Amino acid sequence: MGLAAATEIDVLATARRNVGDYTPDAGEPYMNAQQQEFFRKLLVEWKHSILDASAGTLQSLQDGPIREPDLNDRASSETDWGIELRTRDRQRKLIAKIDSALRRIDEGEYGYCEVTGEPIGLGRLIARPIATMTVEAQEAHERREKISRDD
């Protein structure tokens with residue numbers, strides 16, 4: 001269960017380290033071929049890291065049920081498994097977003113806000129490679145969402 005404790009941020013940081021030495025620079029033309037290749041490699045590496053971690057979870061589940069003799073130990077183990085499975089479900093959804101980002105790279109739409117069409121920005125994409133909106137558009141979206149929930 002050690003891999004489940006790794007957060008999404010840890011997995012992304014590992015993927016960043018495995019991509020190579022190149023880091024996109026604001027002085028370059030935005031979303032040039034080298035930057036697109038960097039983000040493609042980052043997204044693919046991130047996806048592979050997630051799939052490797054989920055394979056470990058699947059293997060642990062197949063190894064057999066929890067057989068703790070003490071009820072408290074069993075409850076603790078079941079809670080840990082529940083957290084592990086929720087983490088894997090979140091990561092399954094994340095893989096769909098990674099696949100979507102890879103499609104946007106192929107279609108030449110990656111790096112541009114789906115709302116405004118403006119560049120998302122390299123800093124945001126390095127921090128969150130699956131981002132589909134600029135920070136401003138995302139904040140506006142979240143404000144509208146909050147207002148809708150409050151109604």
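A residue is called buried when its relative accessible area is under 20%, exposed when it is over 50%, and partly exposed in between, with a 1.4 Å probe and protein chains only. By this rule K93, at 46% relative accessibility, counts as partly exposed, and D89, at 31%, is likewise partly exposed. The model is predicted: local features need pLDDT of at least 70, side-chain atom pairs count only at pLDDT 80 or more, and totals for chains, interfaces and linings use all residues. Residues are numbered from 1 along each chain as its sequence is written, and side-chain values use heavy atoms, with hydrogens and water left out.

Helices here are DSSP runs of H or I with at least four residues, and strands are runs of E with at least two, numbered from the N terminus.

The structure holds five salt bridges, and R40 takes part in a network of them together with E37 and D106. Towards E37, the closest N and O atoms of the bridge from R40 are 3.7 Å apart. R40 and E37 both lie in helix α3 (residues 33-62), three residues apart, which is about one turn of the helix. Towards D106, the side chain of R40 makes a salt bridge of 2.9 Å, N to O. This second pair links distant parts of the chain, since R40 is in helix α3 and D106 in helix α4, 66 residues apart.

Four aromatic pairs are found in the whole structure. The rings of F38 and F39 have centres 5.1 Å apart and planes at 80°, so this pair is edge-to-face. Rings of Phe, Tyr and Trp (its six-membered ring) pair if their centres lie within 6.5 Å; planes under 30 degrees apart count as stacked, over 60 as edge-to-face and the rest as tilted. F38 and F39 are both buried. F39 also pairs with Y110 in a tilted arrangement, 5.4 Å centre to centre with 50° between the planes. Here too distant parts of the chain are linked: F39 is in helix α3 and Y110 in the loop between α4 and α5 (122-127), 71 residues apart. Y110, like F39, is buried. Ring pairs join Y22, F38, F39 and Y110 into a cluster.

The account ends with the empty space. Rolling a probe the size of a water molecule over the atoms shows where such space is left. The largest pocket contains about 190 Å³. On a 1 Å grid over the protein atoms alone, a pocket is an open set of points where a 1.4 Å probe fits, with protein on both sides within 12 Å along at least five of seven lines; lining residues have an atom within 4 Å of a point. Its lining consists of K97, S100, R104, R124, R128, I130, A131, T132, M133 and Q138. Helix α4 (residues 71-107) gives the most to this lining, with three residues. By type, the lining residues divide into three nonpolar, three polar and four charged. In this scheme Ala, Val, Leu, Ile, Met, Phe, Trp, Tyr, Cys and Pro count as nonpolar, Asp, Glu, Lys and Arg as charged, and the others, Gly among them, as polar.

Key. Grid points are joined across faces, edges and corners, and a volume is the space filled by probe spheres set on the points. A salt bridge is a side-chain nitrogen of Lys or Arg within 4 Å of a carboxyl oxygen of Asp or Glu.
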